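Dear colleague,

My notes on what was found in it follow directly after.

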Amino acid sequence: MEKTEVAAVAAPGPERLDSDGNAWKRAGSSDCDEADSDLISKLPDDMLSAIISLLPTKDAGRTQVLSRRWRPLWRSVPLNLDARAKLPGSPAHPHTVPVSAVSKIISQHPGPARRFSFSGFHAGEFDAEVESWFHSRALTKLEELHFCCHTRINSSSGLPEESQRLPLSALRSASTLLVARISGCYFPNDMPSMNFPVLTQLSLIYVSIPGDVFHGLLSSCHALESLYMSGVCSTTGRLRVSSPTLRSIAFHHWPSEKAAQLVIEDAPHLVRLLIPYNSQDGCVTIRVIRAPKLKILGPFLPVLSKLLVSQGISPVSSANWMRSVKVLALRSSGYALHAVLNILRWFPSLEKLYVIFHPHRYIEMDKEDDPQYDPLHPIECLQTHLKVVVFKLFVGHEKQVNFARFFVLNAEVVNRIEFELFEYKSESVAYQHQLLQVENRASRGAQIQFRSQPVCKDHDVNKHIHDLSVADPFIHCQNWVHA
(Lines give C-alpha, C1' and ligand atoms only; values in the text may rest on other atoms or scores of the structure.)
Protein backbone atom coordinates (compact mmCIF):
# COMPACT_ATOMS: atom_id res chain seq x y z
CA MET A 1 0.00 0.00 0.00
CA GLU A 2 2.77 2.43 0.93
CA LYS A 3 4.54 1.81 -2.40
CA THR A 4 1.44 2.96 -4.21
CA GLU A 5 1.32 6.14 -2.11
CA VAL A 6 5.00 6.88 -2.76
CA ALA A 7 4.51 6.52 -6.48
CA ALA A 8 1.51 8.81 -6.49
CA VAL A 9 3.14 11.54 -4.45
CA ALA A 10 6.63 11.41 -5.88
CA ALA A 11 5.22 11.81 -9.39
CA PRO A 12 7.03 9.10 -11.33
CA GLY A 13 8.26 9.51 -14.88
CA PRO A 14 6.46 7.78 -17.76
CA GLU A 15 8.47 4.59 -17.41
CA ARG A 16 6.82 4.01 -14.01
CA LEU A 17 3.37 4.43 -15.43
CA ASP A 18 3.80 2.02 -18.32
CA SER A 19 6.93 0.09 -19.23
CA ASP A 20 6.19 0.18 -22.98
CA GLY A 21 5.37 3.89 -23.06
CA ASN A 22 1.64 3.64 -23.76
CA ALA A 23 0.67 5.74 -20.77
CA TRP A 24 3.00 8.51 -21.96
CA LYS A 25 1.40 8.46 -25.40
CA ARG A 26 -2.10 8.57 -23.96
CA ALA A 27 -1.17 11.54 -21.78
CA GLY A 28 0.36 13.29 -24.76
CA SER A 29 -2.66 12.72 -26.97
CA SER A 30 -5.01 13.89 -24.25
CA ASP A 31 -3.16 17.21 -24.24
CA CYS A 32 -4.47 17.81 -27.74
CA ASP A 33 -7.86 16.11 -27.51
CA GLU A 34 -8.87 17.98 -24.35
CA ALA A 35 -7.13 21.28 -25.04
CA ASP A 36 -10.42 23.05 -25.64
CA SER A 37 -12.12 21.69 -22.49
CA ASP A 38 -9.17 22.00 -20.09
CA LEU A 39 -9.59 25.66 -19.15
CA ILE A 40 -7.63 25.37 -15.90
CA SER A 41 -4.44 24.42 -17.73
CA LYS A 42 -4.69 27.64 -19.70
CA LEU A 43 -4.12 29.68 -16.57
CA PRO A 44 -0.69 31.33 -16.11
CA ASP A 45 2.00 29.33 -14.35
CA ASP A 46 1.96 31.53 -11.28
CA MET A 47 -1.77 30.92 -10.75
CA LEU A 48 -1.43 27.16 -11.24
CA SER A 49 1.50 27.15 -8.84
CA ALA A 50 -0.57 28.98 -6.24
CA ILE A 51 -3.32 26.36 -6.58
CA ILE A 52 -0.88 23.47 -6.20
CA SER A 53 0.78 25.02 -3.15
CA LEU A 54 -2.57 24.99 -1.31
CA LEU A 55 -3.39 21.35 -2.06
CA PRO A 56 -2.76 18.49 0.40
CA THR A 57 0.55 16.74 -0.19
CA LYS A 58 -0.87 13.73 -2.05
CA ASP A 59 -3.07 15.78 -4.34
CA ALA A 60 -0.30 18.24 -5.13
CA GLY A 61 2.04 15.45 -6.21
CA ARG A 62 -0.64 13.82 -8.35
CA THR A 63 -1.11 16.94 -10.47
CA GLN A 64 2.03 15.92 -12.38
CA VAL A 65 0.18 13.10 -14.14
CA LEU A 66 -2.62 15.35 -15.40
CA SER A 67 -0.80 16.50 -18.53
CA ARG A 68 2.56 17.61 -19.84
CA ARG A 69 1.56 21.18 -19.00
CA TRP A 70 1.31 20.35 -15.28
CA ARG A 71 4.30 18.02 -15.00
CA PRO A 72 7.02 20.52 -13.96
CA LEU A 73 4.85 22.70 -11.75
CA TRP A 74 4.93 20.66 -8.53
CA ARG A 75 8.71 20.95 -8.29
CA SER A 76 8.58 24.67 -8.93
CA VAL A 77 6.20 25.60 -6.07
CA PRO A 78 7.11 25.73 -2.36
CA LEU A 79 6.64 22.29 -0.83
CA ASN A 80 3.59 21.64 1.37
CA LEU A 81 4.43 18.37 3.13
CA ASP A 82 2.12 16.79 5.69
CA ALA A 83 3.37 13.46 7.10
CA ARG A 84 1.84 11.41 9.87
CA ALA A 85 3.04 8.22 11.50
CA LYS A 86 0.28 5.63 11.59
CA LEU A 87 -0.70 4.74 15.12
CA PRO A 88 -1.63 1.09 15.80
CA GLY A 89 -5.30 0.48 15.19
CA SER A 90 -5.94 3.88 13.65
CA PRO A 91 -6.83 4.43 9.98
CA ALA A 92 -4.48 6.26 7.66
CA HIS A 93 -5.30 9.93 7.25
CA PRO A 94 -6.48 10.63 3.69
CA HIS A 95 -4.55 13.87 3.25
CA THR A 96 -1.20 12.91 4.78
CA VAL A 97 1.66 10.84 3.43
CA PRO A 98 3.22 7.88 5.26
CA VAL A 99 6.61 8.32 6.88
CA SER A 100 8.16 5.99 4.31
CA ALA A 101 7.36 8.47 1.53
CA VAL A 102 8.87 11.57 3.13
CA SER A 103 12.52 10.98 2.22
CA LYS A 104 11.66 10.27 -1.43
CA ILE A 105 9.50 13.38 -1.70
CA ILE A 106 12.16 15.56 -0.13
CA SER A 107 14.85 14.14 -2.40
CA GLN A 108 12.80 14.92 -5.53
CA HIS A 109 11.71 18.44 -4.56
CA PRO A 110 14.33 21.20 -4.82
CA GLY A 111 12.69 23.37 -2.18
CA PRO A 112 11.99 25.71 -0.59
CA ALA A 113 9.18 24.47 1.65
CA ARG A 114 6.11 26.48 2.58
CA ARG A 115 4.91 24.04 5.24
CA PHE A 116 6.14 20.88 6.92
CA SER A 117 3.99 18.96 9.38
CA PHE A 118 5.10 15.76 11.10
CA SER A 119 2.81 14.19 13.70
CA GLY A 120 1.70 10.91 15.26
CA PHE A 121 5.17 9.60 16.09
CA HIS A 122 6.36 8.46 19.51
CA ALA A 123 9.35 9.84 21.37
CA GLY A 124 12.58 8.44 19.96
CA GLU A 125 11.01 7.24 16.72
CA PHE A 126 12.49 8.38 13.41
CA ASP A 127 15.22 10.49 15.05
CA ALA A 128 17.70 9.77 12.26
CA GLU A 129 15.12 10.44 9.56
CA VAL A 130 14.06 13.70 11.21
CA GLU A 131 17.65 14.95 11.28
CA SER A 132 18.04 14.08 7.62
CA TRP A 133 14.83 15.84 6.64
CA PHE A 134 15.58 19.07 8.46
CA HIS A 135 19.06 19.22 6.94
CA SER A 136 17.74 18.72 3.42
CA ARG A 137 17.64 21.40 0.76
CA ALA A 138 13.88 20.97 0.38
CA LEU A 139 13.15 22.14 3.93
CA THR A 140 15.28 25.24 3.79
CA LYS A 141 13.47 28.55 4.15
CA LEU A 142 10.56 26.78 5.83
CA GLU A 143 7.64 29.09 6.62
CA GLU A 144 5.34 26.88 8.70
CA LEU A 145 6.41 24.07 11.04
CA HIS A 146 4.19 21.60 12.92
CA PHE A 147 6.25 19.12 14.96
CA CYS A 148 3.88 17.10 17.13
CA CYS A 149 4.99 14.03 19.07
CA HIS A 150 2.18 11.69 20.11
CA THR A 151 2.16 11.39 23.88
CA ARG A 152 -0.08 10.00 26.59
CA ILE A 153 -1.14 12.29 29.41
CA ASN A 154 -0.91 10.92 32.93
CA SER A 155 -4.40 11.16 34.38
CA SER A 156 -3.19 11.93 37.92
CA SER A 157 -0.41 14.42 37.19
CA GLY A 158 -1.81 15.94 34.01
CA LEU A 159 1.66 15.70 32.46
CA PRO A 160 2.95 13.83 29.41
CA GLU A 161 4.31 10.38 30.26
CA GLU A 162 7.07 10.77 27.68
CA SER A 163 8.41 13.63 25.62
CA GLN A 164 10.52 14.04 22.52
CA ARG A 165 13.65 16.15 22.81
CA LEU A 166 13.17 19.03 20.40
CA PRO A 167 15.78 18.51 17.66
CA LEU A 168 17.83 21.66 17.16
CA SER A 169 17.79 20.95 13.43
CA ALA A 170 14.05 21.75 13.48
CA LEU A 171 14.99 25.39 14.01
CA ARG A 172 17.37 25.67 11.05
CA SER A 173 14.75 27.78 9.28
CA ALA A 174 14.28 30.14 12.20
CA SER A 175 14.98 33.14 10.00
CA THR A 176 12.03 32.37 7.68
CA LEU A 177 9.48 30.73 10.02
CA LEU A 178 6.11 32.48 10.18
CA VAL A 179 4.15 29.83 12.11
CA ALA A 180 5.43 27.20 14.56
CA ARG A 181 3.55 24.55 16.53
CA ILE A 182 5.53 22.32 18.92
CA SER A 183 3.75 19.53 20.79
CA GLY A 184 4.85 16.69 23.08
CA CYS A 185 8.46 17.90 23.25
CA TYR A 186 10.89 19.23 25.82
CA PHE A 187 13.36 22.03 25.27
CA PRO A 188 16.89 21.15 26.47
CA ASN A 189 18.66 23.34 29.00
CA ASP A 190 21.51 23.97 26.57
CA MET A 191 19.38 25.59 23.86
CA PRO A 192 21.56 27.93 21.79
CA SER A 193 20.58 31.53 21.24
CA MET A 194 17.80 31.84 18.69
CA ASN A 195 16.47 34.48 16.33
CA PHE A 196 12.99 34.45 14.81
CA PRO A 197 12.68 37.76 12.97
CA VAL A 198 9.36 37.04 11.21
CA LEU A 199 7.61 34.46 13.43
CA THR A 200 4.05 35.68 14.10
CA GLN A 201 2.28 32.61 15.56
CA LEU A 202 3.68 30.22 18.17
CA SER A 203 1.87 27.25 19.78
CA LEU A 204 3.42 25.23 22.62
CA ILE A 205 1.39 22.17 23.66
CA TYR A 206 2.39 19.60 26.31
CA VAL A 207 5.82 21.16 26.31
CA SER A 208 8.42 21.24 29.08
CA ILE A 209 10.72 24.23 28.94
CA PRO A 210 13.16 25.81 31.41
CA GLY A 211 12.11 29.28 32.52
CA ASP A 212 15.18 31.01 31.13
CA VAL A 213 14.84 29.18 27.80
CA PHE A 214 11.20 30.29 27.55
CA HIS A 215 12.16 33.87 28.29
CA GLY A 216 14.94 33.69 25.70
CA LEU A 217 12.57 32.16 23.15
CA LEU A 218 10.10 35.03 23.44
CA SER A 219 12.90 37.60 23.40
CA SER A 220 14.11 36.18 20.09
CA CYS A 221 10.67 36.56 18.45
CA HIS A 222 10.71 40.09 17.07
CA ALA A 223 7.36 39.96 15.23
CA LEU A 224 5.32 37.57 17.42
CA GLU A 225 1.63 38.48 17.54
CA SER A 226 -0.12 35.38 18.87
CA LEU A 227 1.03 32.90 21.52
CA TYR A 228 -0.87 29.74 22.51
CA MET A 229 0.25 27.66 25.51
CA SER A 230 -1.45 24.47 26.66
CA GLY A 231 -0.09 22.12 29.31
CA VAL A 232 3.28 23.92 29.40
CA CYS A 233 5.55 23.07 32.33
CA SER A 234 8.47 25.16 33.49
CA THR A 235 11.21 24.28 35.94
CA THR A 236 10.73 27.65 37.63
CA GLY A 237 6.97 27.23 37.97
CA ARG A 238 6.38 30.47 36.09
CA LEU A 239 6.13 31.50 32.48
CA ARG A 240 7.21 35.13 32.31
CA VAL A 241 6.00 37.00 29.26
CA SER A 242 7.55 40.24 28.07
CA SER A 243 6.94 41.13 24.45
CA PRO A 244 6.59 44.47 22.64
CA THR A 245 4.66 42.86 19.76
CA LEU A 246 2.25 40.29 21.25
CA ARG A 247 -1.42 41.04 20.58
CA SER A 248 -2.99 37.76 21.72
CA ILE A 249 -2.19 35.18 24.40
CA ALA A 250 -4.13 31.97 24.99
CA PHE A 251 -3.24 30.03 28.12
CA HIS A 252 -4.57 26.58 29.01
CA HIS A 253 -3.65 25.48 32.49
CA TRP A 254 -3.53 21.81 33.45
CA PRO A 255 -4.15 20.69 37.07
CA SER A 256 -0.63 19.65 37.93
CA GLU A 257 1.88 20.49 40.62
CA LYS A 258 4.37 21.30 37.89
CA ALA A 259 2.00 23.38 35.79
CA ALA A 260 3.32 26.87 35.32
CA GLN A 261 1.78 30.12 36.43
CA LEU A 262 1.49 32.74 33.70
CA VAL A 263 3.05 36.10 34.53
CA ILE A 264 2.54 38.87 31.98
CA GLU A 265 5.29 41.28 32.93
CA ASP A 266 5.16 43.71 30.06
CA ALA A 267 2.92 43.44 27.00
CA PRO A 268 2.19 46.97 25.77
CA HIS A 269 0.21 45.82 22.70
CA LEU A 270 -1.64 42.85 24.20
CA VAL A 271 -5.34 43.06 23.27
CA ARG A 272 -6.62 39.53 23.99
CA LEU A 273 -6.00 37.19 26.90
CA LEU A 274 -7.90 33.96 26.23
CA ILE A 275 -8.30 30.99 28.55
CA PRO A 276 -9.55 28.15 26.32
CA TYR A 277 -10.87 24.79 27.57
CA ASN A 278 -11.55 23.84 31.14
CA SER A 279 -9.04 22.03 33.24
CA GLN A 280 -10.36 19.37 35.57
CA ASP A 281 -10.68 21.74 38.52
CA GLY A 282 -11.21 24.89 36.49
CA CYS A 283 -8.30 26.61 38.22
CA VAL A 284 -5.94 28.92 36.42
CA THR A 285 -3.42 31.36 37.83
CA ILE A 286 -2.54 34.42 35.80
CA ARG A 287 -0.73 37.49 37.03
CA VAL A 288 -0.81 40.65 34.97
CA ILE A 289 1.72 43.36 35.72
CA ARG A 290 1.48 45.54 32.62
CA ALA A 291 -0.94 45.21 29.71
CA PRO A 292 -2.37 48.70 29.18
CA LYS A 293 -4.31 47.85 25.99
CA LEU A 294 -5.94 44.61 27.11
CA LYS A 295 -9.49 44.66 25.77
CA ILE A 296 -10.74 41.05 25.65
CA LEU A 297 -10.47 38.59 28.55
CA GLY A 298 -11.77 35.11 29.42
CA PRO A 299 -13.50 32.83 29.80
CA PHE A 300 -12.63 31.87 33.36
CA LEU A 301 -14.43 30.54 36.41
CA PRO A 302 -14.55 33.35 39.01
CA VAL A 303 -14.62 31.21 42.16
CA LEU A 304 -11.61 29.08 41.18
CA SER A 305 -9.45 31.22 38.94
CA LYS A 306 -6.77 33.46 40.35
CA LEU A 307 -6.42 36.64 38.35
CA LEU A 308 -3.85 38.87 39.99
CA VAL A 309 -2.56 42.34 39.23
CA SER A 310 0.79 43.86 40.04
CA GLN A 311 2.05 43.83 43.61
CA GLY A 312 0.52 46.45 45.84
CA ILE A 313 -2.61 46.88 43.70
CA SER A 314 -5.81 45.15 44.75
CA PRO A 315 -8.45 44.17 42.18
CA VAL A 316 -10.99 46.58 43.65
CA SER A 317 -8.72 49.55 43.04
CA SER A 318 -8.87 48.73 39.33
CA ALA A 319 -5.43 48.77 37.78
CA ASN A 320 -5.18 50.49 34.41
CA TRP A 321 -5.32 47.24 32.44
CA MET A 322 -8.58 46.32 34.15
CA ARG A 323 -10.13 49.62 33.12
CA SER A 324 -9.18 48.90 29.51
CA VAL A 325 -11.13 45.59 29.35
CA LYS A 326 -14.27 45.98 27.22
CA VAL A 327 -15.26 42.34 26.53
CA LEU A 328 -15.30 39.73 29.29
CA ALA A 329 -16.35 36.07 29.28
CA LEU A 330 -17.05 34.16 32.49
CA ARG A 331 -18.03 30.55 33.15
CA SER A 332 -20.70 29.78 35.68
CA SER A 333 -23.21 27.14 36.69
CA GLY A 334 -25.59 29.88 37.78
CA TYR A 335 -25.08 29.10 41.46
CA ALA A 336 -22.51 31.81 42.25
CA LEU A 337 -24.04 35.14 41.30
CA HIS A 338 -22.23 37.16 43.94
CA ALA A 339 -18.84 35.79 42.90
CA VAL A 340 -19.55 37.00 39.36
CA LEU A 341 -20.75 40.40 40.56
CA ASN A 342 -17.59 40.86 42.61
CA ILE A 343 -15.56 40.15 39.49
CA LEU A 344 -17.52 42.78 37.56
CA ARG A 345 -16.39 45.42 40.05
CA TRP A 346 -12.87 44.94 38.71
CA PHE A 347 -13.90 46.05 35.21
CA PRO A 348 -15.67 49.41 35.43
CA SER A 349 -15.51 50.09 31.65
CA LEU A 350 -16.93 46.73 30.58
CA GLU A 351 -19.22 46.96 27.53
CA LYS A 352 -19.98 43.32 26.67
CA LEU A 353 -20.34 40.36 29.02
CA TYR A 354 -20.59 36.66 28.14
CA VAL A 355 -21.78 34.19 30.75
CA ILE A 356 -21.16 30.62 29.59
CA PHE A 357 -23.21 28.23 31.69
CA HIS A 358 -21.79 24.77 32.27
CA PRO A 359 -23.18 21.42 33.53
CA HIS A 360 -24.17 20.75 37.12
CA ARG A 361 -21.19 18.47 37.78
CA TYR A 362 -19.07 21.61 37.94
CA ILE A 363 -21.39 23.50 40.28
CA GLU A 364 -19.68 26.28 42.18
CA MET A 365 -21.42 28.02 45.06
CA ASP A 366 -21.13 31.49 46.52
CA LYS A 367 -18.83 31.42 49.52
CA GLU A 368 -20.18 32.52 52.87
CA ASP A 369 -17.56 35.27 53.10
CA ASP A 370 -18.25 36.59 49.57
CA PRO A 371 -19.50 40.19 49.76
CA GLN A 372 -23.20 40.34 48.92
CA TYR A 373 -24.52 42.80 46.38
CA ASP A 374 -25.53 46.08 48.00
CA PRO A 375 -27.68 48.46 45.91
CA LEU A 376 -26.19 51.32 47.90
CA HIS A 377 -22.80 50.39 46.41
CA PRO A 378 -23.67 49.68 42.77
CA ILE A 379 -21.37 48.16 40.20
CA GLU A 380 -20.00 50.87 37.91
CA CYS A 381 -20.18 48.98 34.60
CA LEU A 382 -23.85 48.08 35.21
CA GLN A 383 -24.66 51.76 35.62
CA THR A 384 -22.64 53.36 32.86
CA HIS A 385 -21.07 51.08 30.23
CA LEU A 386 -22.46 47.54 29.88
CA LYS A 387 -24.38 47.43 26.58
CA VAL A 388 -24.66 43.72 25.74
CA VAL A 389 -25.05 40.60 27.90
CA VAL A 390 -25.00 37.13 26.31
CA PHE A 391 -25.98 33.98 28.18
CA LYS A 392 -24.63 30.91 26.38
CA LEU A 393 -25.79 27.32 26.90
CA PHE A 394 -28.83 28.62 28.76
CA VAL A 395 -31.05 25.78 29.99
CA GLY A 396 -33.48 27.78 32.08
CA HIS A 397 -33.43 26.03 35.44
CA GLU A 398 -34.27 28.09 38.51
CA LYS A 399 -30.73 29.13 39.44
CA GLN A 400 -29.91 30.23 35.90
CA VAL A 401 -33.15 32.21 35.66
CA ASN A 402 -32.42 33.95 38.98
CA PHE A 403 -28.89 34.67 37.79
CA ALA A 404 -30.05 36.19 34.50
CA ARG A 405 -32.91 38.10 36.14
CA PHE A 406 -30.41 40.14 38.15
CA PHE A 407 -28.99 41.61 34.94
CA VAL A 408 -32.43 42.26 33.51
CA LEU A 409 -33.38 44.26 36.61
CA ASN A 410 -30.04 45.99 37.28
CA ALA A 411 -28.19 46.65 34.01
CA GLU A 412 -29.24 50.27 33.53
CA VAL A 413 -27.80 51.09 30.09
CA VAL A 414 -27.87 47.68 28.40
CA ASN A 415 -29.17 47.60 24.82
CA ARG A 416 -29.48 43.84 24.34
CA ILE A 417 -29.63 40.71 26.47
CA GLU A 418 -29.29 37.49 24.48
CA PHE A 419 -30.13 33.95 25.52
CA GLU A 420 -28.67 31.11 23.45
CA LEU A 421 -30.51 27.83 24.00
CA PHE A 422 -29.82 24.28 22.86
CA GLU A 423 -33.46 23.87 21.91
CA TYR A 424 -35.29 27.07 21.08
CA LYS A 425 -39.09 26.90 21.23
CA SER A 426 -40.96 30.08 20.37
CA GLU A 427 -43.93 29.10 22.54
CA SER A 428 -41.76 29.21 25.68
CA VAL A 429 -40.53 32.78 25.14
CA ALA A 430 -43.52 34.42 26.86
CA TYR A 431 -43.04 32.16 29.87
CA GLN A 432 -39.31 33.03 30.06
CA HIS A 433 -40.18 36.75 29.85
CA GLN A 434 -42.45 36.30 32.83
CA LEU A 435 -39.81 34.48 34.89
CA LEU A 436 -37.18 37.09 34.05
CA GLN A 437 -39.55 39.97 34.89
CA VAL A 438 -38.80 41.62 31.58
CA GLU A 439 -41.56 44.19 32.11
CA ASN A 440 -39.56 45.57 35.05
CA ARG A 441 -36.21 45.74 33.24
CA ALA A 442 -33.89 48.55 34.34
CA SER A 443 -33.12 49.65 30.78
CA ARG A 444 -36.48 50.31 29.17
CA GLY A 445 -35.05 50.15 25.65
CA ALA A 446 -33.27 46.83 26.14
CA GLN A 447 -34.09 44.05 23.69
CA ILE A 448 -34.46 40.56 25.15
CA GLN A 449 -33.62 37.96 22.52
CA PHE A 450 -33.87 34.16 22.54
CA ARG A 451 -32.31 32.02 19.84
CA SER A 452 -30.87 28.60 19.17
CA GLN A 453 -27.24 28.03 20.01
CA PRO A 454 -25.27 28.95 16.86
CA VAL A 455 -23.41 26.06 15.29
CA CYS A 456 -19.93 26.52 13.87
CA LYS A 457 -18.66 23.78 11.56
CA ASP A 458 -15.03 24.69 12.10
CA HIS A 459 -13.77 23.09 15.30
CA ASP A 460 -10.10 23.97 14.77
CA VAL A 461 -9.15 25.39 18.15
CA ASN A 462 -5.93 26.98 16.97
CA LYS A 463 -7.56 28.75 14.06
CA HIS A 464 -9.95 30.56 16.39
CA ILE A 465 -7.24 31.39 18.89
CA HIS A 466 -4.73 32.76 16.37
CA ASP A 467 -7.22 34.51 14.10
CA LEU A 468 -6.69 38.16 15.00
CA SER A 469 -9.13 39.30 12.31
CA VAL A 470 -12.03 38.18 14.52
CA ALA A 471 -13.08 41.20 16.59
CA ASP A 472 -14.98 39.09 19.15
CA PRO A 473 -13.54 35.58 19.69
CA PHE A 474 -16.36 34.56 22.04
CA ILE A 475 -19.15 34.58 19.45
CA HIS A 476 -18.63 30.87 18.71
CA CYS A 477 -16.58 30.07 21.79
CA GLN A 478 -18.67 27.01 22.69
CA ASN A 479 -16.53 25.28 20.04
CA TRP A 480 -13.29 25.90 21.90
CA VAL A 481 -14.52 25.92 25.46
CA HIS A 482 -15.60 22.55 26.84
CA ALA A 483 -18.43 23.75 29.01
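Helix α13 (residues 398–410) packs with helix α14 (residues 429–436) at an angle of about 70 degrees, and their axes lie 9 Å apart. An angle from 65 to 115 degrees counts as roughly perpendicular, so α13 is described as roughly perpendicular to α14. On the α13 side, the contact is made by Val401, Ala404, Arg405, Val408 and Leu409, while α14 contributes Gln432, Leu435 and Leu436. Classed by residue type, this contact of α13 with α14 comprises six nonpolar, one polar and one charged residues. Please bear in mind that the model is a predicted one.

Six of the six residues of β3 are buried, so the strand is largely enclosed by the rest of the structure. Both of its faces are covered: Glu144, His146 and Cys148 are buried on one side, and Leu145, Phe147 and Cys149 are buried on the other.

Strand β3 pairs with two strands, β2 and β5. With β2 (residues 113–121), β3 runs parallel and is joined by six bridges; here Ser117 has His146 of β3 as its bridge partner.

Yours sincerely

How values were computed
Residues are numbered from 1 along each chain as its sequence is written. This is a predicted model: local features need pLDDT of at least 70, side-chain atom pairs count only at pLDDT 80 or more; totals for chains, interfaces and linings use all residues. Side-chain values use heavy atoms; hydrogens and water are left out. Axes are lines fitted to C-alpha atoms, for helices over the stretch in contact, and angles run from 0 to 180 degrees between N-to-C directions. Helices (H or I, at least four residues) and strands (E, at least two) are DSSP runs, numbered from the N terminus. Angles under 35 degrees count as roughly parallel, over 145 as roughly antiparallel, 65 to 115 as roughly perpendicular and the rest as oblique. Contact means heavy atoms within 4.5 Å. Ala, Val, Leu, Ile, Met, Phe, Trp, Tyr, Cys and Pro count as nonpolar, Asp, Glu, Lys and Arg as charged, and the others, Gly among them, as polar. Buried means under 20% relative accessible area, exposed over 50%, partly exposed in between (1.4 Å probe, protein chains only). Two strands pair if DSSP finds at least two bridges between them.
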